[in-house]
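Dear colleague,

Here is the structure that I promised to pass on to you. Please open it beside this email, and then read on for what was found in it.

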Amino acid sequence: MNNVLDILNYKFLQLPVYKIALAFLMLFVFLFARKVFTLMIISSLKKVVSRTKTDLDDKFLNAIRNPLRFLFVIAGVYFFFYFLEVDNKVLLHILKGLLIIDFFWAIYNIINEFEDYFYHLLGKFGKSSKELASFLVKLVKAFVITIGVVALLQDWGINVTGFIASLGLGGLAFALAAKDTAANIFGGIAILTDNIFKIGEWIKVGNAEGIVEDIGMRTTKIRAFDKRLIVVPNATIANSNVENFSRRDRRRIMMRLGLTYDTDAGTIKRIVSEIREMLLAHPYIHNEPILIYFDEYQDSALSIFCYFFTTTAVWDDYLKIREDVNLKIKEIVEKNNAKFAFPSNSLYIETPVRIENV
């Protein structure tokens with residue numbers, strides 16, 4: 001018996017072994033209680049909320065489930081350090097710090113779970129969109145994380161404002177970085193509120209051209225047509241000319257048809273007239289403007305100018321329409337026994353005059 005007492009009272013790191021054992025025992029007890037809580041209480045609540053007509057309670061339970069389970073970890077950690085005789089002041093800071101983390105974790109999860117409702121709410125307004133809702137959700141999440149970190153630092157006695165101010169040159173650098181971040185955030189707000197573009201649209205900003213993949217708080221991600229990912233700061237976009245090709249309701253076709261110089265005037269008139277009539281009757285060509293004119297004598301061709309618009313801006317459909325129009329024009333030219341010209345040179349050889357002696 002005395003041997004057992006001696007072992008329990010044996011000091012390791014200036015603590016009796018029995019206190020270290022109690023510390024680990026309390027930690028495992030609360031971890032076990034966490035498991036029981038999950039299997040019994042949380043499972044029962046899931047069954048209850050699944051029977052209700054609304055999914056609000058399901059989302060709320062999903063949001064707070066892990067933070068509730070984390071409370072058992074907090075209790076276990078508290079008693080673990082309590083039996084290890086950690087200073088009460090430090091122990092209190094550990095407890096409050098873990099509770100702060102748990103509280104803001106729960107708020108963050110609630111925001112995550114109710115994102116869809118936020119999108120739906122903003123969708124009722126004219127210029128609001130999923131991109132704007134997504135941006136605001138990210139902003140709120142960043143705000144929650146920032147407040148959580150500040151609360152944690154304040155609890156440990158760190159004056160965040162004073163700390164930043166005391167950094168001197170470091171504080172100046174931080175302020176300059178924050179200035180750029182703020183410019184990008186406001187640039188992102190300008191992009192979304194002005195409805196400049198949306199995710200999935202084809203845009204060009206400076207040398208960056210492609211499909212918009214994401215509009216973030218600081219940057220916009222554009223997937224180029226060769227599959228490169230281009231990341232552009234929102235402030236740059238807000239201060240640049242943006243071409244949004246997806247907002248077009250039509251695409252332009254402009255080309256020249258070259259006929260050979262042996263084509264007579266009557267044939268040219270018929271070809272021009274038939275091309276114009278074909279385009280006017282085409283279901284996928286806008287009726288205005290359709291400009292088909294014989295306007296130039298080029299070096300190797302009699303040139304017919306063609307200018308008109310398709311009824312769609314979709315790239316694949318546009319190519320199909322253009323192919324159809326090209327084939328119809330070729331049929332018209334061939335039907336009128338005319339030929340397309342191509343760059344060529346004519347060589348004239350004069351026969352020398354032979355003079356005989358008289």
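The lining of the largest pocket is made up, by class, of nine nonpolar residues, one polar residue and no charged residues; here Ala, Val, Leu, Ile, Met, Phe, Trp, Tyr, Cys and Pro count as nonpolar, Asp, Glu, Lys and Arg as charged, and the others, Gly among them, as polar. Please keep in mind that this is a predicted model, in which local features need pLDDT of at least 70 and side-chain atom pairs count only at pLDDT 80 or more, while totals for chains, interfaces and linings use all residues. Residues are numbered from 1 along each chain as its sequence is written, and side-chain values use heavy atoms, with hydrogens and water left out.

The largest pocket holds about 170 Å³ of space, and among its lining residues are Phe104, Trp105, Tyr108 and Gly148. A pocket, on a 1 Å grid over the protein atoms alone, is an open set of points where a 1.4 Å probe fits, with protein on both sides within 12 Å along at least five of seven lines, and lining residues have an atom within 4 Å of a point. The elements that give two or more residues to this lining are helix 4 (88-113) and helix 6 (130-155), where a helix is a DSSP run of H or I with at least four residues and a strand a run of E with at least two, numbered from the N terminus.

Helix 4 also packs against helix 3 (residues 56-83), at an angle of about 170° and with the axes 8 Å apart; axes are lines fitted to C-alpha atoms over the stretch in contact, and angles run from 0 to 180 degrees between N-to-C directions. Helix 3 and helix 4 are therefore roughly antiparallel to each other, a term used for angles over 145 degrees.

Helix 10 (residues 265-281) and helix 11 (residues 315-335) pack at an angle of about 150°, with their axes 10 Å apart, which makes helix 10 roughly antiparallel to helix 11. Their contact (heavy atoms within 4.5 Å) includes Ile271 and Glu274 of helix 10 and Val325 and Lys328 of helix 11, and its residues divide into eight nonpolar, no polar and three charged.

Two places in the backbone also deserve a look. The peptide bond from Glu288 to Pro289 is cis, with omega near -10°, and Pro289 sits in the loop between helix 10 and strand 9 (291-297). Lys227, in the loop between strand 5 (219-223) and strand 6 (229-233), has a phi near 75°, a positive value in a residue other than glycine.

With best wishes

Terms used
Angles under 35 degrees count as roughly parallel, over 145 as roughly antiparallel, 65 to 115 as roughly perpendicular and the rest as oblique. Grid points are joined across faces, edges and corners, and a volume is the space filled by probe spheres set on the points.
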